[in-house]
Amino acid sequence: MSTFISKLPFTGINWGECLSAYRTFLAQPAKGINHINAAQRYSNWDAWVRQRLEKQAEHLRGKTFRIDLAELSKLPADTLGGSYARHMLALGFDPNAFNNVFEDEDWLDQRATLSHDIYHVVTGCVASPLGEYGLAAFAIVQYRDMLNTFILSFVPLSLLRPNWTFPLLRNLWRGFKIGRQCQPIIGYAFEQNWEKPLSQVRQELGIGALYPQAQSA
């Protein structure tokens, strides 16, 4: 019975991994995310999301890419590449740390993984707990996936923190709004548009009107 419950055949979701995700996420977010990714890996939900995203990014099928932060950091700060490089360097992140785990057939996984911090820059959601909630709201509208559903399931608990209530609600509202107005972002070839002004990238994605010209990510 326990095996049946942990992976109900009509969903494919590994509920045991889901439980582990909830047990670990608050103390160890990365570990919790690994568990939720394992939970959804063979699920019908994940298959539906993947099919939908592959259709949106059909013109990019099979294309993987590498990111050279040293080169991008030479671009003006108001460009997509320049803004992204400064964001990553400030956080001490290496975008290519995951490349050795992806094969060519994993192009969609690689693109989605490397795009997370690009989305931070494009949406203006800062890399903070509240900013991550805003980005999750954006991503759930765009992806409709299990991972961001999981992250947003912690919203009720986070709203209990008095100093978070209104900033969190504001970030969620803005994330949902940007997500609804934005073109399918998985299909945008960021690697071909690093030199464009960030404002132009936002215009091309259909969200330019949400950002005053003077505002930067």
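Which residues touch the most other members of the largest nonpolar core? In this predicted model, local features need pLDDT of at least 70 and side-chain atom pairs count only at pLDDT 80 or more, while totals for chains, interfaces and linings use all residues. Residues are numbered from 1 along each chain as its sequence is written, and side-chain values use heavy atoms, with hydrogens and water left out.

The answer to the opening question is Tyr84, Val122, Phe190 and Trp194, within a core of 38 residues. A nonpolar core is here a set of buried Ala, Val, Leu, Ile, Met, Phe, Trp, Tyr and Cys residues joined through side-chain atoms within 4.5 Å. Buried stands for under 20% relative accessible area, exposed for over 50%, and partly exposed for values in between (1.4 Å probe, protein chains only). At least two residues of this core come from each of helices H4 (44-56), H5 (69-72), H6 (80-91), H7 (107-123), H8 (129-143) and H12 (198-205). Helix H7 gives the most, with seven residues. Helices (H or I, at least four residues) are DSSP runs, numbered from the N terminus.

Trp194 deserves a separate look. Leaving aside residues up to four places away in sequence, Trp194 touches Ile67, Leu72, Leu75, Thr79, Leu80, Gly81, Tyr84 and Ile118, where contact means heavy atoms within 4.5 Å. A second, separate core has 21 residues, including Ala39, Met146, Leu147 and Leu152.

Turning to charged pairs, the structure holds six salt bridges, each defined as a side-chain nitrogen of Lys or Arg within 4 Å of a carboxyl oxygen of Asp or Glu. One of them joins the side chains of Arg50 and Asp109, at 2.9 Å from N to O. Arg50 belongs to helix H4 and Asp109 to helix H7, so this pair ties together parts that lie 59 residues apart in sequence. Arg50 is partly exposed, at 29% relative accessibility, and Asp109 is also partly exposed, at 28%.

Another salt bridge links Arg61 with Glu58, whose closest N and O atoms are 2.9 Å apart. Relative accessibility is 41% for Arg61, which counts as partly exposed, and the relative accessible area of the partly exposed Glu58 is 43%. Lys74 and Glu71 likewise meet through their side chains in a salt bridge, at 3.0 Å from N to O. Here Lys74 is exposed, with a relative accessible area of 62%, whereas Glu71 is partly exposed at 44%.
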